[in-house]
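Biologist: I am new to this structure. Can you show me how to read its features, one at a time?

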Amino acid sequence: MNDDTHWLEANQQYLMHAIGRVRALLEGRATVRPATEGRADSPLAAEDGAHPATAGHPTTPPPALDTLCAAFGLSPFERDVLLLCAGIELDSKFVSLCATAHGDTTRAYPTFSLALGALPDPHWSALAPNAPLRRWRLVEVSNSNALTTSPLRIDERILHYLTGVSHLDDRLAGLVEPVGMAGELVPSQRVLVERVKQSWSNRKKISELPVVQLCGDESVTKHAIAAAACTSLGLNLHQILASSLSQDPREMDALIRLWQREAALSTSALLIDVHDMDGADAAHTSAVNRLIDHLTAPLLLSTRVRWKNTSRLMLTVDVSKPTADEQHALWQHVLGAHAASLNGKLDALVSQFDLSASSIRAAAMNGQSDERSPEWATLWDSCRMQTRPRLDDLAQRIQPLATWDELVLPDARRVTLREIAAHVRRRYQVYETWGFASKSARGLGISALFAGASGTGKTMATEVLANELRLDLYRIDLSQVVSKYIGETEKNLRRVFDAAEEGGAILLFDEADALFGKRSEVKDSHDRYANIEISYLLQRMEEYRGLAILTTNMKEALDSAFLRRIRFIVHFPFPDLAAREEIWRRIFPDQTPTEELAIDKLARLNVAGGNIRNIALNAAFLAADANEPVRMNHVLRAARTEYAKIEKPLTDAEIGGWQ
């Protein structure tokens with residue numbers, strides 16, 4: 001017989017002993033002669049308070065009845081009232097005994113009146129709403145009659161608990177969910193587990209326990225830390241979503257009382273997940289604070305940013321992903337012998353992707369479909385897939401197709417672009433292996449400003465970098481980020497950067513002049529907050545582990561203090577005649593049929609590369625519709641359409657001699 005089965009049988013015996021004693025008291029009240037013969041041989045005859053299974057089992061947990069009475073501070077009389085109500089459910093003789101004791105066959109149920117008359121050491125205070133029996137809803141009182149004559153019924157959750165059957169209260173089901181076993185934690189995270197454990201271990205009373213708030217963006221890791229800390233303290237962990245809390249104070253009070261009872265019965269802690277509270281209104285915030293203020297039970301919060309609550313002692317624990325060295329060790333562990341086949345490229349994975357332990361395991365599993373060594377490119381792309389979902393809802397993902405061969409720029413600009421790629425590619429080696437990160441945490445983000453007129457290749461250059469580095473590229477729509485409401489722009493920017501951090505994606509803030517113009521002289525609160533928005537962006541760019549690129553048509557409008565904090569500035573000039581010739585030579589794909597195209601004449605069209613692409617594409621459609629190869633006449637028609645679109649006259653100098 002295992003320990004659980006042994007305890008369950010012993011607990012049931014103990015409960016029936018106690019109920020038997022109350023039954024004997026009822027028999028006396030009902031003037032029914034107790035059946036004493038044979039009682040010495042019956043388990044019901046054991047002395048009240050004795051636990052028949054404790055002999056030889058000093059570590060056996062106490063009976064559920066004793067645990068419950070201690071948890072809620074029941075007096076002997078209140079204990080007997082509870083047993084009286086349990087007896088009606090567990091002992092068939094209680095029904096007739098209650099009817100006989102009442103002298104009324106229709107009143108075959110327990111009442112406070114019966115308890116006061118039949119049970120020893122009665123006290124009226126046990127009937128009060130704030131006394132344990134009613135405060136913790138151990139028994140329910142029907143309101144059909146007066147208080148003392150109303151039927152009493154034991155709460156179903158309490159009845160099951162007394163019999164040794166543990167389950168979550170039905171009224172909490174769907175609202176409160178158990179948190180599973182802790183996932184794998186790295187050493188830096190186990191330190192946080194110990195910190196939480198110590199903060200609770202040093203308090204003698206539950207009311208003295210600080211509320212532990214786990215701050216950061218790693219929800220899974222925070223849950224694992226909370227679960228590990230609770231397990232080490234012998235606590236079960238449950239969670240509730242902040243968004244599911246009622247805004248009705250009365251419903252909140254009922255929930256608080258119900259959970260506090262459940263926490264005592266199941267030795268549990270509660271984790272409030274407030275990740276879904278971004279942009280929450282005052283009523284939802286008030287509901288969370290009400291739970292924090294009034295719940296006297298072990299309590300944790302999982303939140304992105306620090307929660308403001310001044311009425312309770314709060315222990316703030318900042319949770320981060322594994323360190324670079326820990327991620328490196330995790331990769332070696334999950335890849336096993338295959339790690340050696342990557343020829344030291346694990347450094348590149350750790351440098352580019354800031355993954356949790358669970359994400360690393362998932363990436364390794366997806367990147368290796370059989371027993372063969374994983375392909376480097378497959379493993380890299382698997383990491384990209386792990387990081388995409390969070391950003392896809394916030395920005396537009398661009399599939400980078402452009403290559404270096406398609407990019408027409410002066411050599412000096414191309415050299416700068418390759419330097420940008422080198423900074424991204426060798427970040428781990430320089431920052432971690434060579435120690436630059438240990439010197440200062442400031443300025444480690446890689447930022448670039450691409451300045452130039454529309455169509456000069458700024459977006460194409462970004463695509464080239466993303467293609468070269470094999471990274472995801474996201475364009476940020478500033479019209480969706482910038483808000484007229486104070487503080488909302490920073491919140492939107494934070495969501496974008498936080499989501500991108502894990503995969504180090506390239507962030508393209510296209511046409512960013514609306515947000516990044518010269519910081520104005522402060523004349524009113526709006527000026528002040530506009531400057532705060534710019535400062536916040538600069539701060540996040542300096543901290544961002546990936547590459548953030550800003551594009552502008554008006555470099556001269558940017559604040560010089562802003563420019564000093566950008567690592568790379570690349571000017572994209574309007575293409576001269578030679579550059580336009582080169583663009584025209586590369587603009588048509590090899591598969592496109594062309595005939596008698598005069599590149600020197602086409603280059604006289606004084607437009608930027610973006611316009612040249614539009615003209616070439618339109619000319620291809622015109623030729624295809626005529627079932628002809630692309631000729632000069634198709635380009636001329638397409639040029640007239642493009643010039644009309646940009647409201648620019650097509651001069652004779654540009655098209656002279658075409659026909």
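Biologist: Is C69 buried or exposed?

Modeller: This is a predicted model. Buried means under 20% relative accessible area. C69 is at 10%, so C69 counts as buried.

Biologist: And C85, buried or exposed?

Modeller: Buried, with a relative accessible area of 0%.

Biologist: How many disulfides are there?

Modeller: A disulfide needs two cysteine sulfur atoms within 2.5 Å. By that rule the count is zero. Take C85: the closest cysteine sulfur, in C98, is 8.7 Å away, too far for a bond.

Biologist: How many aromatic pairs does the structure hold?

Modeller: Ring centres must lie within 6.5 Å to pair. The structure holds seven such pairs. One of them joins F72 and W136, tilted, with 5.7 Å between centres and 40° between planes. F72 lies in helix α2 and W136 in the loop between α6 and β1, so the pair ties together parts 64 residues apart in sequence. F72 is buried at 8% relative accessible area. W136 is buried too, at 12%.

Biologist: What sits over the ring of W136?

Modeller: The charged end of R135, 4.6 Å from the ring centre. Likewise, the charged end of R418 sits over the ring of W404, at 3.9 Å from its centre.

Biologist: How far apart are the end C-alpha atoms of helix α9?

Modeller: They are 20 Å apart. At 1.5 Å a residue, its 14 residues should span 20 Å, which agrees.

Biologist: Why is α9 called largely enclosed?

Modeller: Ten of its 14 residues are buried, so the rest of the structure largely encloses α9. The cover includes α8, β4, β5, β6 and β7. Just after α9, G234 takes a positive phi of about 75°.

Terms used:
Residues numbered from 1 in each chain as written. Predicted model: local features only at pLDDT ≥ 70, side-chain atom pairs only at ≥ 80, totals over all residues. Heavy atoms only, no water. Helix = DSSP H or I, 4+ residues; strand = E, 2+ residues; numbered from the N terminus. Expected span 1.5 Å × (residues − 1). Buried < 20%, exposed > 50% of the residue type's maximum accessible area, 1.4 Å probe, protein only. Contact = heavy atoms within 4.5 Å. Phe/Tyr/Trp six-rings, centres within 6.5 Å; stacked < 30°, edge-to-face > 60°. Lys NZ or Arg CZ within 6 Å of the ring centre and 35° of its normal.
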